[in-house]
Every structure is written in C-alpha cells, then in structure tokens.
Amino acid sequence: MEIGISTFVETSPDPQTGEVISHAQRLKEVVEEIILADQVGLDVYAVGEHHREDYAASNPAIVLAAAAMQTKRIRLSSAVTVLSSDDPVRVFQAFATVDGLSDGRAEIMAGRGSFIESFPLFGYDLDDYHELFEEKLDLLLRLREQEKVQWPGGRHRAAIPGLGVYPRPVQQPLPVWIASGGTPESVVRAGQLGLPLALAIIGGSPAQFAPLVQHYKRAAARAGHDPASLPVASHSHGFIADTTEEAAEKFFPSTQSVMNKIGRERGWPPYTRASYDAARSRDGALYVGSPETVAAKIVDLHRNVGVTRFLIHMPLGTMPHHEVMRAIELLGTEVAPRVRAALEKDA
C-alpha cells in the first residue's frame with residue numbers, strides 16, 4: 001500500500017483573515033512540503049494542473065522538477081495533467097526531464113480535468129472534450145514506446161513521421177496513470193489499455209467505488225492484462241492533526257470556503273458543518289482526524305475497495321503552512337506505519 005499526498009497548490013483567500021498569499025510564496029511552500037514528505041518516508045507526491053487565479057500550479061512538471069533534485073525516493077506525479085488541452089509531445093518531454101532529474105521517479109496522471117479554463121486558453125473546443133483526450137492519449141502512449149515516433153495524426157494533432165522525441169526517460173516505460181472521476185467508460189478504457197487507475201473519491205461512500213474497481217479489473221482481464229499487477233489509486237480530501245477534534249476544527253473553514261466557491265459556480269447547495277461532519281465519519285469520503293482515525297479509514301479503503309495507493313489531498317484551500325507541514329509529518333511517521341502494520345497482518 002503506497003501512501004502519499006496530492007495538492008492543487010491553492011491560493012484562495014485565507015478564510016480567517018481574507019489574506020491571499022502570492023503564487024510565488026505558495027509554490028515555494030509546496031516544494032518544502034514535497035521535501036518533508038520524502039524525509040518522513042511517504043511514497044508519492046502529486047501536483048495538479050489548473051489555470052485559475054486561485055491555483056498556482058499551471059505546470060506541475062516544473063514544480064516537480066524543483067523538488068526532484070532535493071528528494072531521494074518519493075515518486076513525483078501530476079494529479080492531473082489535463083492532456084486534452086496540452087500537446088502530448090511536450091507533456092512527455094517535460095516528465096521525461098523530471099524522470100532524469102529524479103533518477104526515475106516521475107509519473108504522469110493523465111485526465112480530462114475537472115475545470116474547463118484550459119480549453120479556451122489553448123484554443124480547443126469543449127465540444128471535442130472526449131475526442132481530444134482519446135486522440136492525445138493514443139499519441140502519449142506511442143511516445144513511451146518509440147524513440148523515433150511514427151504516428152498517423154488525427155483530427156486535432158498533425159502526424160509525426162518518424163521523428164525523435166527527447167530526452168528519453170530513465171524508466172521504460174515512463175508510468176502513465178488514467179485519472180477518473182468514476183465513470184464506467186473511463187475505468188474500462190484504463191483496463192483495456194492495461195494502465196494504472198486513479199479514482200477521485202471526494203464524495204459519498206468510498207465503498208461505492210468497489211464495483212468500478214471490479215469493472216476495471218474485468219476490462220483488463222478481457223484485454224489480456226493481468227489484473228493483479230495493475231495498481232489502483234484514490235485521491236481524497238483530508239487532514240491530520242494530533243487529535244481528531246483538532247483536525248476537524250482546523251480543516252473545516254478552508255474546506256467550506258472552497259466547496260462553497262466551487263458550488264456557486266456549479267449550482268451546488270451550500271456546504272454546511274453537518275455535511276462536513278457526515279463526510280468525515282467512518283463511512284465518508286473525508287479523511288480527517290488523528291493518525292489512528294485516518295489510518296483506520298485507509299485500511300478500510302484497501303480492504304473494501306481494493307485501492308493500493310492512497311493520496312490525501314491537503315490542504316484544501318488555504319491553511320497555515322506550519323499546520324500542513326505537521327500533517328505531512330504525522331502522515332509519514334504515524335499514519336503510514338499503522339496502515340502497513342495492519343495490512344501485513346491481513347497478508
């Protein structure tokens with residue numbers, strides 16, 4: 001069971017003071033967080049791509065490259081790369097560069113993205129949302145296989161007639177995960193391609209995702225892949241403090257602020273304390289609490305859903321940097337050992 005962190009590098013207003021830190025400050029903090037995550041023994045740190053004022057990481061590969069030379073073992077991933085609105089050659093080159101700098105620790109988590117700002121920004125039509133992803137994923141996977149790339153082209157990208165793409169990564173092949181919000185179509189695609197699957201489990205009960213994981217494994221088996229060899233990751237919001245009460249109180253203000261802002265854009269009802277408390281229950285999708293509480297929920301996730309990599313998304317919104325650093329320390333030194341000990345007993 002791999003345990004790590006994902007972040008969108010938020011720069012939303014502090015819910016207590018209204019202060020907004022600069023993009024530059026938040027980017028520097030994130031590099032410090034990755035370094036600490038490596039030092040406390042976490043397995044992976046993943047940075048998401050967004051193109052909004054309240055998110056600082058429009059290019060995750062650059063953030064990961066800044067941390068690559070200052071870390072030793074932690075894997076460095078996007079979460080996600082919005083492949084539909086990017087050029088697969090540039091994506092491959094960027095992460096091959098991170099792979100070289102890190103001695104083989106880079107990964108690409110490819111997805112369509114949960115926001116749409118990148119599509120008009122880079123000149124793409126949202127009507128082509130699905131077709132763009134399928135075409136560009138095909139090219140990205142071809143780039144992993146061939147140094148001199150032969151690709152026939154598509155409706156949105158010109159052909160590549162046997163041209164070299166460099167640098168080449170240390171890992172062969174460079175890992176590519178498929179990120180899914182939980183649609184059957186996306187998990188089947190990942191299974192058919194034999195690619196690792198990452199699920200965004202940010203609402204409802206995590207146990208509800210078990211049928212999707214089985215659907216994914218069946219699709220992989222039908223395509224001739226070994227389901228047992230394919231990892232499944234989850235990405236869920238959460239926070240850790242020395243006590244569950246402390247974690248709950250510290251994480252709620254920024255969570256409510258972010259969820260209400262996004263909710264206003266998407267027509268969701270207001271996010272209340274009751275909604276929050278329900279979500280952080282044993283059966284909910286929020287991993288908020290003491291090390292014992294969070295570890296128990298991660299073990300449940302592995303046993304009930306089949307997840308083999310857990311990414312806790314923190315912070316959600318803007319929280320004091322020292323509190324985030326303490327949460328990272330607790331995740332690595334207390335949560336992860338508890339999870340691994342419990343799963344060793346299962347084995």
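Me: Which residues lie nearest the centre of the second largest pocket?
Reply: Those are N59, A61, D86, R90 and A94, out of 18 lining residues. This is a predicted model, where local features need pLDDT of at least 70 and side-chain atom pairs 80 or more, while totals for chains, interfaces and linings use all residues. Numbering runs from 1 along each chain, and side-chain values use heavy atoms, without hydrogens or water.

Me: What makes a residue part of a pocket's lining?
Reply: An atom within 4 Å of a pocket point; a pocket is an open set of points on a 1 Å grid where a 1.4 Å probe fits, with protein on both sides within 12 Å along at least five of seven lines. In the second largest pocket, α3 gives the most, with seven residues, and the volume is about 270 Å³.

Me: Why is α2 called roughly parallel to α3?
Reply: α2 (residues 60-68) and α3 (residues 88-101) pack at about 10°, with axes 9 Å apart. Angles under 35 degrees count as roughly parallel, so α2 gets that label against α3.

Me: Which residues make that contact?
Reply: A61, L64, A65 and A68 come from α2, and A94, F95, V98 and L101 from α3; contact means heavy atoms within 4.5 Å. Eight of the residues are nonpolar, with no polar and no charged ones.

Me: How many residues line the largest pocket?
Reply: There are 47, and G113, S114, S180, G181 and A200 lie nearest its centre. The space in this pocket is about 990 Å³. By class, its lining has 24 nonpolar, 16 polar and seven charged residues.

Technical notes:
Axes fitted to C-alpha atoms, helices over the stretch in contact; angles between N-to-C directions. Helix = DSSP H or I, 4+ residues; strand = E, 2+ residues; numbered from the N terminus. Parallel < 35°, antiparallel > 145°, perpendicular 65-115°, else oblique. Nonpolar A, V, L, I, M, F, W, Y, C, P; charged D, E, K, R; others polar. Points joined across faces, edges and corners; volume = space filled by probe spheres on them.
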